[in-house]
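Please open the model in your viewer and keep the selection panel at hand. The tour goes from one selection to the next and says what to look for at each stop.

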Amino acid sequence: MVEILKKYRPALVLLLLFILIPITIGRTTDVHNVIIYILIYAMVGEAWNLISGFTGQTSFGHAAYFGIGAYTSTVLLEYYHITPWIGMLVGGVIAAALAFVVYFNMFKLKGHYFAIATLCVAEIMKTIFSKWTWVGAGDGIALTPITGLIPGVGKSAVAKLAWLSLDVRNRLPFLYTTLAMFVLVFIICAALENSRIGFYWKAIRESHEVAESIGINPRNYKLLAMCISAFIAAIGGTFFAQFFKYIDAITVFPMSVSMIFVLVTVLGGLGNVYGPIIGAVIYYSLDLIMRRLTGGSGSGLDQIVFGALIVLVTCTEPRGIMGIVERIQEKLHGKKKGGEA
Amino acid sequence: MAELLKIEHITKKFGNLVANEDVSFSVGENEIVSLIGPNGAGKTTLFNSIAGYYPPTEGKVYFQGQDITGKPAYDICKMGITRTFQVVKTLKEMTVEENVMTGAFLHTGSRRQAKKDAEGILEMTGLLDKRNVKGGSLTIIDKKRVEIARAMATRPKLLMLDECMAGLNQTEIKDVMNLCVKLKEEGLSLLIVEHIMEAIMPISDRIVVLNAGKKIAEGLPEEIVNNEEVIRAYLGDRYNAESKKS
């Protein structure tokens, strides 16, 4: 136990920062919003990292699962009054089932071809949901406040229901709930990385032939990665819907959303559990700083800076910022050793 | 000697190209059999057919009496045949220890057990002091060692080595030879594809010679070196004729 805590010391420091910042230096709605976005996108980034970072199958279509999560929980809440806590699990199962059916044979595709296929899946979902009248078609679904959803309940009951329905009139509790979920996802991903499954995923990423030669069925392990990844992405989608309070196909399914998951992870560190959270922090901090600097929407300046940053980082170190950190660590470590000798 | 691997009348065609034609031989328990032949003789193709990378066009492969023809590589590995690759395929982003652990995970779900299993194999292959080095930054001899160690970790009954000595210097070849003998002492059977005669002769129990896809000879090492057809295949007719004259 102590060993594990020692190994994940940076994670504990990060967690502490995430707990403290919202109640100390960042006590504004603006900062709270940014932190919630960081956590949601980092969560889905972790999911994307499982299939693309660890297993090496680049997906450009994770918005598909993200959107399914958002739609499932919202539809269940709005139409059937089922709490999003259950809704996110249902959404996760549906997303995982979709991933299983779609990729059962699609894993025959490799490299770029696979990436294009994943892209298509998300685009198909976008088209379906923007035409499907039962889920609001082009209008999307706006989530009604909890008091409006079930009329005639008392104030204390509303407070309880707010927890149950993940309502975000009060941002701080929602922020901590999202944080707790992110921590859970982080722990799951870290545990997977250190298990047999994680080793097998990495072996598949490095070489299909080697994986087969040591008794790994690549298709099964890729499917497993994709399904777990889809499940987590759907949960992220539910949190997004609960936070944004409005969803339509253009908000949750477009390629730009898929690319956020890719970019934050690639910037932070591909195939590293810290990657998505580091990348998301940088992405959204940039957004916040640029907005403060220029006023209003930030006039897209953050996009320019972020674009430059990602080009710079990936050119110098393909493993992202965590790769650079590792390199510095190795150098320091090497120097220390040299000094001792 | 009990037969471990038996291949019968293997033919492999790629379109009109016949890579293997009617090849049959067997590998006994605790035996080192070498597969030799000039470039393009179809050694690696035969290897791939046995290890399940592609099914043979005709013929059967039996392992411990069971028909394994056309089974996928990962199933064949689970049964007890593990191969290495001619072009080394080290898992670059993983450390030496992790490379070997990946193999060891075939028999255990526990990380601790896999680490323990890997340690023994790392010691035997002389990689213990490099356990934390990333696979990508190793020298060629160490990459080949990792290749063998990773295969060993799956605890095969039959280990198939595809040109594991190519590109090594004399001392390194000696190292690999010793390792092969050590593996045999551990009770393994080996099927080795190799070019380097002086390395293969002393350690092999039996040798099978392929030329242009066909088996042209099989026997003890000393029989093979004096076999006329083998000499002709390796050195050409002219040399064979000259050797007769002198």
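Begin with the boundary inside chain B, where domain 1 of chain B and domain 2 of chain B share 4 residue pairs in polar contact, both residues of each pair being at pLDDT 80 or more; a polar contact is a pair of N or O atoms within 3.5 Å, where within protein one must be able to donate a hydrogen and the other to accept it, and residues adjacent in sequence count only if both atoms are side-chain atoms. On the side of domain 1 of chain B that touches domain 2 of chain B, the elements to colour are helix 2 (73-79), strand 7 (158-162) and helix 6 (170-185) of chain B, which give two or more residues each, and helix 6 of chain B has the largest share, with 6 residues. Helices (H or I, at least four residues) and strands (E, at least two) are DSSP runs, numbered from the N terminus. By class, this side of domain 1 of chain B holds 12 nonpolar, 1 polar and 6 charged residues, where Ala, Val, Leu, Ile, Met, Phe, Trp, Tyr, Cys and Pro count as nonpolar, Asp, Glu, Lys and Arg as charged, and the others, Gly among them, as polar.

This is a predicted model, in which local features need pLDDT of at least 70 and side-chain atom pairs count only at pLDDT 80 or more, while totals for chains, interfaces and linings use all residues. Residues are numbered from 1 along each chain as its sequence is written, chains are lettered from A and ligands numbered from 1 in the order in which they are written, and side-chain values use heavy atoms, with hydrogens and water left out.

To select the two domains themselves, take 3-80 + 156-245 for domain 1 and 87-154 for domain 2 of chain B; these bounds come from an automatic or database domain assignment. Their C-alpha centres lie 25 Å apart, and the contact (heavy atoms within 4.5 Å) takes 19 residues from domain 1 of chain B and 11 residues from domain 2 of chain B. The buried area, which is the accessible area (1.4 Å probe) that two parts lose on being put together, summed over both, is about 1,300 Å² here, with 75% from carbon and sulfur atoms.

Which side chains meet in a salt bridge at 3.1 Å? They are R145(B) and D175(B), N to O, a salt bridge being a side-chain nitrogen of Lys or Arg within 4 Å of a carboxyl oxygen of Asp or Glu.

Now show both chains. Chain A and chain B bury about 2,000 Å² between them, 63% of it on carbon and sulfur atoms, and the contact takes 21 residues from chain A and 25 residues from chain B. Select E209(A) and K89(B), whose side chains meet in a salt bridge of 3.8 Å, N to O. Helix 10 (196-206) and helix 11 (208-213) of chain A each supply at least two residues of the side that touches chain B, and helix 10 of chain A gives the most, with 7 residues.

Finish in chain B with strand 9 (residues 206-211) and strand 10 (residues 214-219), which pair in the antiparallel sense over 5 bridges; two strands pair if DSSP finds at least two bridges between them. V209(B) has A217(B) as its bridge partner in strand 10 of chain B.
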